[in-house]
Amino acid sequence: MKTRLLPLLLLALGLALPCIAPAQERVESFGKGATELTLRSTTDIDIIEPVIARFAELNPDLSLRYEQWGSNNLYAGSRAACAGRAAPADALLSSGAHHMLALVNAACAHPYRSPATTALPAERRWRDELWGITEEPAVIIYNTEALSAEDVPRTRFALLDLMRKKPELLRSRIATYDIEDSGLGYLFAHADSLEATTFGAMLEGFSRIGAIATCCSLSIIDGVSEGRYYIAYNVLGSYAEARAAPNVGILLPEDYTLMMSRAYMIPKGAPHPEAAQRLLDFLLSPEAQGMLADLGLVAATDPSETSLLPSARRLIALSPPLLLALDRSTRERLFRLWDEAFSADAG
């Protein structure tokens, strides 16, 4: 079992490990304007690039530095910037909505209000300091060549049944996020623990068949396509749509489907808050929302398109209950359950 207590304590205190400086994974530049806006984001640049390029085209006085980060490192670096220990970005866009709400709660955000922000539903905005830009489902994906049609699990109950009935078929062939490495994976797991009566049984089933907890959406999706995994649970649907090969099926669980909204924040002390406000209003504009929908970052809501009833949609709201996800005892409990299910000697 991995030792979690030191990183957990440091996170609770808003500190970074003393010898480890969080860093971006990739940097791209857009536009040639004299004012450089820095956007730090967890969104894969290869997916969102058309939207950012369009913003740069519409704002020739700006250039945009796009920094792609892992969600945990983005949070740690943003806490450091808020405390004056690092340079702040102009804007943040993160799939770790619980991280972003914690930053707002720590007085790290710059407020803003416009017709575009006030038009958002209440679940996608908080205190005029945090705004949900997208709506993306957590999905089940599967290898269509490895599973027969009758084995495809359309609900969590069906997945539990399949793990019980065919453990040898699925041994070491189910993957999901490692919640220590992935802030998004932790957010989905926390939401499941509050929502699902199946949560405990699911972890027990994962343990019994030796499921794999690993990093990164694209690695998991490729693993399903290549046959290393037959099923992946709680994968980000937008990435699955963008990345998946023809032999990867995508399911919105019919019992309920978690919906995540990437949260946008303008940090306190942002060098160019007006430029960040312009980017926010653009991202919420009909043009950008249409582009995001085409890229799979805004999910369809019509049941005829998704086969998902409106009552089965569970939007993870930008609201104070999300702070429970960062409560120390909550994290310790969830990490302990995860370690027990995915430890090397499980199954």
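**Labels and the values behind them**

Modeller: Let's start with arginine 124, which is found in the loop between α5 (115-118) and β5 (125-126). Helices here are DSSP runs of H or I with at least four residues, strands are runs of E with at least two, and both are numbered from the N terminus. This is a predicted model, where local features need pLDDT of at least 70, side-chain atom pairs count only at pLDDT 80 or more, and totals for chains, interfaces and linings use all residues. Residues are numbered from 1 along each chain as its sequence is written, and side-chain values use heavy atoms, with hydrogens and water left out.

Colleague: Why is arginine 124 called buried?
Modeller: Buried means under 20% relative accessible area, exposed means over 50%, and partly exposed is in between, using a 1.4 Å probe and protein chains only. Arginine 124 has 9%, so buried is the label.

Colleague: What does arginine 124 touch?
Modeller: Leaving out residues up to four places away in sequence, arginine 124 touches Leu130, Trp131, Gly132, Ile133, Thr134, Glu135, Ser261, Gln289, Leu315 and Leu318. Contact means heavy atoms within 4.5 Å.

Colleague: Trp131 is on that list. Why does tryptophan 131 count as buried?
Modeller: Its relative accessibility is 0%, so tryptophan 131 counts as buried. Tyrosine 264 is at 0% too, and therefore buried.

Colleague: How many aromatic pairs does a search of the whole structure find?
Modeller: Six. Rings of Phe, Tyr and Trp (its six-membered ring) pair if their centres lie within 6.5 Å; planes under 30 degrees apart count as stacked, over 60 as edge-to-face and the rest as tilted.

Colleague: What makes the pair of phenylalanine 55 and phenylalanine 282 tilted?
Modeller: The planes stand at 45°, so tilted is the word, and the ring centres are 5.7 Å apart. This pair links distant parts of the chain: phenylalanine 55 is in helix α2 (residues 45-58) and phenylalanine 282 in helix α12 (residues 273-283), 227 residues apart. Both phenylalanine 55 and phenylalanine 282 are buried.

Colleague: How do tryptophan 131 and tyrosine 264 pair up?
Modeller: That pair is tilted as well, at 6.4 Å centre to centre with 55° between the planes. Tryptophan 131 sits in strand β6 (residues 130-132) and tyrosine 264 in strand β13 (residues 263-265), 133 residues apart.

Colleague: How do you know that arginine 156 lies over the face of tyrosine 256?
Modeller: A charge sits over a ring if NZ of Lys or CZ of Arg is within 6 Å of the ring centre and within 35 degrees of the ring normal. Arginine 156 is at 3.6 Å from the ring centre of tyrosine 256. Arginine 228 lies over the face of tyrosine 229 at 5.4 Å.

Colleague: At what angle do α8 and α15 pack?
Modeller: Helix α8 (residues 183-195) and helix α15 (residues 328-342) pack at about 95°, with their axes 11 Å apart. Axes are lines fitted to C-alpha atoms, for helices over the stretch in contact, and angles run from 0 to 180 degrees between N-to-C directions.

Colleague: And why is α8 called roughly perpendicular to α15?
Modeller: Under 35 degrees counts as roughly parallel, over 145 as roughly antiparallel, 65 to 115 as roughly perpendicular and the rest as oblique. The angle of about 95° therefore makes α8 roughly perpendicular to α15. Tyr186, Ala189 and His190 of α8 meet Thr330, Arg331, Leu334, Phe335 and Trp338 of α15.
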